Amino acid sequence: MTFGAALVALVVVGLRLMGNAGAVVRPSTLTAIMVGAAVCALAWFALVVLSFVALRPQRLSQTGQVVAGIVAGVLCVSVMAPFAVTAGYMRTASQTLDAVMAPVAGTTPSPIRAEDPWDGRQRVNFLLVGGDAAGNRVGVRTDSMTVASVNIATGNTVLFSLPRNLQYVRFPSSSPLHKVFPNGFNDEGQGLLNSVWYYADNNPQVMGGKNKGAQALKDAIGYTLGLHIDYYAMVDMFGFAAMIDALGGLDIRVERDIKWGGHFGTAGTIKAGYRRLSGEEVLWYGRSRVDSDDFSRMSRQRCVIGALAQQATPSKVLTNFTRIAAAARHMFRTDIPRDLLEHLVPLGMKVRSAKITSLQFVPPLIYTGNPDWDKIRQLTKKAIRESMADQGPIAATASPMGTAGTASASASDSPGASPSSTPSSTPSSSPSPSRTPLLADAGGKKTPTPNDKAAQSLAELCGF
């Protein structure tokens, strides 16, 4: 009766979890599964031992008793092992999630309401950052920056890639850096986007506290795109390589030979073709600039993101769970609240089977040395509008904001206001070489860069 009741309870719990995949990652669920697995393991052990005793093995010969004891021991281990492994997995998962999603010191995550975890939003915007804090570098440099704008209802996603050498980004008036750099970020005389995090972390007196690099970068990129960046996730480059190895590598179409290592590519070459790459190869496939440039590297990085999204199947994750968890502890940093994770899981499952398009703001579309901020925002709106096209007609006033509302964004916005999809009223001018014909953008403004660049699917770009 006891085991029958336990089996019925397991079936009921399994059916409930199948209907709500996100519930699996709740701390209470993980603890319940861990305790339940331990109890079941002990119960099976007790059942085997009691059954063995009830059969009175002492009636057997000495040899028979030894053989029977060995058989009983093997049975005990065999029936306990699956439950012990399950309990171990749940403990590892809980510890990993707690470590990765621990709040930054001095911050308090906003409470998540179960009935409306997205707080009325139609879209949620994640900043995905690839950081390099290797031993030969001082501080964190964000070498890869992509915003994933996700439609909550459908999972349709647009990836916006921003180059590391985008210069003189602006900040909203709510950011402390707006007063320091009213005409655009120009630290070290260049003002590269990949230095914003580093500058904020190294100037806590300006930011009003320590560890404000992520918020500064969210402010800058959100204001640039006309989006509110809800959350960020930072991946350490070398931890990422360890995770790819834990998954067994990634299958990627390499369009041409990629040399890597130093300035001349002396460490090795990733040959062209459809290949399974190791963690180190994936890392350098996305990072190498030998015989290439930042913009080509950005294209390869988004193909890596797409390949990972497609190939990190549940079966692969479960098979290599312990190694992946170990890599994740040293790889991730995020401000996503722990309580939001159960709602993020079903959203992630939607994204895997939804339409994913990509747009990168690189030459000749955008001059990174003197960006046309107005144009960036209009292209952002257009890409999101096209991503939503399969939902029916889109109103002319539709906003890609990650938060509710359509407040306008300009260089003189009110303190505390979030930047919206409305283009800035005072964009910087773009360079206009005399030999480059001027084209009209969506707002009728003349610009030397093309305007017909649409967001493309990753299948088209990367040959999935």
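Predicted model: local features only at pLDDT ≥ 70, side-chain atom pairs only at ≥ 80, totals over all residues.

Biologist: Which residues of H8 are buried?

Modeller: The buried residues in H8 are Met237, Gly239, Phe240, Ala241, Met243, Ile244, Ala246 and Leu247.

Biologist: And what follows H8?

Modeller: Gly248 follows H8, and the phi of Gly248 is positive, near 95°.

Biologist: At what angle do H8 and H12 pack?

Modeller: Helix H12 covers residues 321-329, and H8 packs with H12 at an angle of about 175°, the axes being 8 Å apart. The two helices are therefore roughly antiparallel to each other, because an angle over 145 degrees counts as such.

Biologist: Which residues make that contact?

Modeller: On the H8 side, the contact involves Gly239, Ala242, Met243, Asp245, Ala246 and Leu247. H12 contributes Arg323, Ile324 and Ala327.

Biologist: How many of the residues in the contact of H8 with H12 are nonpolar, polar or charged?

Modeller: In the contact of H8 with H12, 6 residues are nonpolar, 1 is polar and 2 are charged.

Biologist: Let us change topic to cysteines. How many disulfides does the structure hold?

Modeller: The structure holds 0 disulfides.

Biologist: Are Cys40 and Cys76 buried or exposed?

Modeller: Cys40 is buried, at a relative accessible area of 18%. This value counts as buried because the cut-off is under 20%. Cys76 is buried as well, with a relative accessible area of 8%.

Biologist: What about Gln205: where does it lie, and is it buried or exposed?

Modeller: Gln205 lies in helix H6, residues 204-207. The relative accessibility of Gln205 is 60%, so the residue counts as exposed.

Biologist: How far apart are Gln205 and Pro176?

Modeller: In sequence, Gln205 and Pro176 are 29 residues apart, while in space their C-alpha atoms are 10.0 Å apart.

Biologist: Now the whole chain, please. How many helices and strands are there?

Modeller: The chain has 15 helices and 13 strands. It consists of 464 residues, and 45% of them count as buried.

Biologist: What share of the contacts joins residues 24 or more positions apart?

Modeller: Such pairs account for 68% of the contacts in the chain with a separation of 6 or more.

Biologist: And what does the accessible surface come to?

Modeller: The accessible surface of the chain is about 22800 Å², and carbon and sulfur atoms make up 60% of that surface.

Note on methods:
Residues numbered from 1 in each chain as written. Heavy atoms only, no water. Helix = DSSP H or I, 4+ residues; strand = E, 2+ residues; numbered from the N terminus. Buried < 20%, exposed > 50% of the residue type's maximum accessible area, 1.4 Å probe, protein only. Contact = heavy atoms within 4.5 Å. Areas by Shrake-Rupley, 256 points an atom, 1.4 Å probe, with all protein chains shown as cover. Axes fitted to C-alpha atoms, helices over the stretch in contact; angles between N-to-C directions. Parallel < 35°, antiparallel > 145°, perpendicular 65-115°, else oblique. Nonpolar A, V, L, I, M, F, W, Y, C, P; charged D, E, K, R; others polar. Disulfide = S-S within 2.5 Å.
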